[in-house]
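Here is a briefing on a single protein chain.

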Amino acid sequence: MTVRHFLDIAPISKTDLRAMLDEAHRRKHARLGWPKAKPDDDKPLDGHALAMIFEKASTRTRVSFEIGMAQLGGMSVVLSAEQTQLGRGETVEDTARVLSHMVDIAMLRTNAHQTVLDFAEAATIPVVNGLTDFSHPVQILADLQTIEERAGDVRGKTIAWVGDGNNVCVSFIQAAAQFGFRLKIATPATFAPKTQE
């Protein structure tokens, strides 16, 4: 059995990425006027659990994942590295194997990109990159959803990035190739984005 992870935008097919964004638009539109945590009528994740591990604190990532799971009919468990054996010397791989027996999906918001790669390699459940020092793919899908809500299909449009070539910029670069938009980057040479981890 092949487990599908969402670690970066580049490895995901254009068709799958477009389907993810279209489904996000559809579900958001269907929920207009509803209470925020009311489950969707179809509850596609009913009976499923998400474990979220935070090495880096977050407001938006935590709330969006937690409420998103509730809307899809599932439940979530929030863990900080200090609350798990990761904070006491257990390997990333051991944590991945343990959680694979207890939950259906894991999201990591961590420092080193290698941590999410190692976790995914050892896990037998899907793993989502909630942020690493290299990339931030879920942020970009949310940004593209917002852009499309305001300006229509992103294909063929031009998006400008001004600032350092950080993890968000890297994910925008990957998304430009997959979604067919032009990305203009203005950043000091010493802060240029990494093209590979």
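The model is predicted.

**Overall dimensions and packing**

- Along the principal axes, the C-alpha atoms fill a box of roughly 45 × 45 × 35 Å.
- Buried residues account for 41% of the 197 residues.
- The accessible surface of the chain is about 10800 Å². Carbon and sulfur atoms contribute 55% of that surface.
- Take the contacts between residues at least 6 apart in sequence: 64% of them join residues at least 24 apart.

**The sheet**

- Four strands make an open sheet, ordered β2-β1-β3-β4, with parallel pairing.
- β2 (75-80) and β4 are the edge strands, and each pairs on one side only.
- From one strand to the next, the twist averages 20°.
- Strands of a sheet pair through backbone hydrogen bonds, either parallel or antiparallel.
- β1 and β2 pair in the parallel sense over six bridges. Here A51 stands opposite V77 in β2.
- β1 and β3 are also parallel, with five bridges. F54 stands opposite R109 in β3.
- β3 and β4 pair in the parallel sense over four bridges. R109 has L131 as its bridge partner in β4.

**Burial of the strands**

- How much of β1 is buried? Six of its six residues are, so β1 is largely enclosed by the rest of the structure.
- In a regular strand the side chains alternate between the two faces of the sheet.
- Both faces of β1 are covered. A49, A51 and I53 are buried on one side, and L50, M52 and F54 are buried on the other.
- β4 is an edge strand, yet β4 is mostly covered, with five of its five residues buried.

**Helix α3**

- The buried residues of α3 are V92, T95, A96, L99 and S100.
- Viewed down the axis of α3, these residues fall within an arc of 130°, so they line one face of the helix.
- An α-helix has 3.6 residues a turn, so residues three or four places apart point the same way.
- β1 and α4 are included in what covers the buried residues of α3.

**Helix α4**

- α4 spans residues 113-122. H113, T115, V116, F119, A120 and A122 are buried in this helix.
- The cover over the buried residues of α4 includes β1 (49-54), α3 (92-100), β3 (105-109) and β4 (127-131).
- α4 lies across β1, β3 and β4. The angle between α4 and β4 is about 170°.

- F6 sits in the segment before α1 (14-30).
- Is F6 buried or exposed? F6 has a relative accessible area of 10%, under the 20% cut-off, so F6 is buried.
- Which residues does F6 touch, leaving out those up to four places away in sequence? The contacts are I12, L17, M20, V127, V128, N129, P137, V138 and L141.
- F6 and P126 are 120 residues apart along the chain, but their C-alpha atoms are separated by 7.6 Å.

- Where does H136 lie? H136 is in the loop between β4 and α5 (137-151).
- The relative accessibility of H136 is 6%, which means that H136 counts as buried.
- Beyond residues up to four places away in sequence, H136 touches T61, R109, G130, L131, N167, V168 and S171.

Terms used: Residues numbered from 1 in each chain as written. Predicted model: local features only at pLDDT ≥ 70, side-chain atom pairs only at ≥ 80, totals over all residues. Heavy atoms only, no water. Buried < 20%, exposed > 50% of the residue type's maximum accessible area, 1.4 Å probe, protein only. Helix = DSSP H or I, 4+ residues; strand = E, 2+ residues; numbered from the N terminus. Contact = heavy atoms within 4.5 Å. Arc of directions from axis to C-beta. Pairing = 2+ DSSP bridges. Axes fitted to C-alpha atoms, helices over the stretch in contact; angles between N-to-C directions. Areas by Shrake-Rupley, 256 points an atom, 1.4 Å probe, with all protein chains shown as cover.
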